[in-house]
Amino acid sequence: MNIDEYIYDAIFNETPRFAIFYGVCWEQFKEDGFVITDEPGHELDCIFKAVALQSIMGEFTYRLYDAVNETGFEDAVDFAQRAGFTNEDILAYCEKDEEIDTSGDFESSAKNALDRAAELTANQLLEDYSPGDIFDMMFTAAYDFEQDFTFEFEDADEFLAFVDANTDRLDAYKEEYPSVYDWIENGMVC
């Protein structure tokens with residue numbers, strides 16, 4: 001299985017509106033060696049980290065718009081199962097990480113695995129980008145700019161060029177949504 005292709009096709013393209021943001025982060029994660037490793041069993045780790053990135057974005061939109069964050073451990077399990085992994089494979093993945101509490105049932109173990117992946121993913125985001133850059137990219141991906149103009153990004157370069165060209169406007173949004181910015185600065189705990 002080409003896990004990178006699966007991540008893009010099955011997980012990131014599930015929400016096309018955020019796909020470019022996910023791709024920007026994922027490419028940086030790959031460059032850092034945070035995802036897509038040569039280690040056996042890395043596919044499940046990649047799936048959980050990709051769903052964690054979705055969950056972080058969902059939490060951002062929840063905080064911005066008071067919209068429900070619908071990403072949960074069920075999504076990680078579903079994507080893993082569609083990729084051919086069994087519940088036993090997922091449980092074995094959970095048990096390999098001492099930081100994941102597996103003392104409960106399968107569902108609580110999978111939830112704990114997604115929580116752990118979200119914590120690691122948020123930390124990696126903050127290692128790769130400043131809180132301001134994260135806010136700018138997430139806001140650009142999530143905000144409906146129709147009141148200002150209509151814009152659809154064709155690729156990551158166009159997306160990042162927009163972010164760079166609109167720093168003043170994005171800084172104003174940081175002031176308008178200080179609690180969302182504080183959430184990013186404080187580690188994006190979901």
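I took helices (H or I, at least four residues) and strands (E, at least two) as DSSP runs, numbered from the N terminus.

**Entry 1. Basis of the work**

I worked on a predicted model, in which local features need pLDDT of at least 70, side-chain atom pairs count only at pLDDT 80 or more, and totals for chains, interfaces and linings use all residues. Residues are numbered from 1 along each chain as its sequence is written, and side-chain values use heavy atoms, with hydrogens and water left out.

**Entry 2. Overall fold**

I looked up the secondary structure and found 10 helices and zero strands. Read from the N terminus, the order of elements is α-α-α-α-α-α-α-α-α-α.

I then checked the dimensions. The C-alpha trace spans about 50 × 30 × 25 Å along its principal axes.

Of the 190 residues in the protein, 46% are buried.

**Entry 3. Salt bridges**

I counted a salt bridge where a side-chain nitrogen of Lys or Arg lies within 4 Å of a carboxyl oxygen of Asp or Glu. Side chains of opposite charge can pair when their charged atoms come close. The search of the whole structure gave 10 salt bridges. I looked at three of these pairs in detail, as follows.

K30 and D4 meet through their side chains at 2.7 Å, N to O. K30 belongs to helix α2 (residues 16-32) and D4 to helix α1 (residues 3-11), so this pair ties together parts that are 26 residues apart in sequence. K30 is partly exposed at a relative accessible area of 23%, whereas D4 is buried at 18%. I also noted that D4, E27 and K30 are linked in a network of salt bridges.

R82 and D78 form a salt bridge at 2.9 Å, N to O. Both residues lie in helix α4 (residues 73-82), four residues apart, about one turn of the helix. D78 is partly exposed, with 34% relative accessibility.

D171 and K174 form a salt bridge at 2.8 Å, N to O. Both lie in helix α9 (residues 167-176), three residues apart, about one turn of the helix. D171 is partly exposed at 35%, while K174 is buried at 14%.

**Entry 4. A patch of negative charge**

Which residues gather in a patch of negative charge on the surface? I found E152, E154, D155 and D157 there. Patches are made of residues with over 30% relative accessible area and no salt bridge; like charges are joined within 9 Å, and nonpolar side chains (Val, Leu, Ile, Met, Phe, Trp, Tyr) within 5 Å. Lys and Arg count as positive and Asp and Glu as negative, with His and the chain ends not counted. The place of a charge is NZ of Lys, CZ of Arg, CG of Asp or CD of Glu. The accessible areas come from the Shrake-Rupley method with a 1.4 Å probe, and for residues only the protein chains shown count as cover.

I placed E154 in the loop between α7 (131-142) and α8 (156-165). E154 is exposed, with a relative accessible area of 71%.

**Entry 5. Single residues and their distances**

I looked up E99 in the loop between α5 (87-96) and α6 (106-128). E99 is exposed at 56%. E99 and A113 are 14 residues apart in sequence and 8.7 Å apart in space, C-alpha to C-alpha.

E88 sits in helix α5 and counts as exposed at 59% relative accessibility. From E88 to D4 I noted 84 residues in sequence and 23 Å in space, C-alpha to C-alpha.

E43 is in helix α3 (residues 42-65) and is partly exposed at 22%. The C-alpha atoms of E43 and D75 are separated by 15 Å, with the two residues 32 residues apart along the chain.

Is V35 buried or exposed? V35 is buried, at 1% relative accessibility, and its place is in the loop between α2 and α3. V35 and I11 are 24 residues apart along the chain, and their C-alpha atoms are separated by 15 Å.

Key:
Buried < 20%, exposed > 50% of the residue type's maximum accessible area, 1.4 Å probe, protein only.
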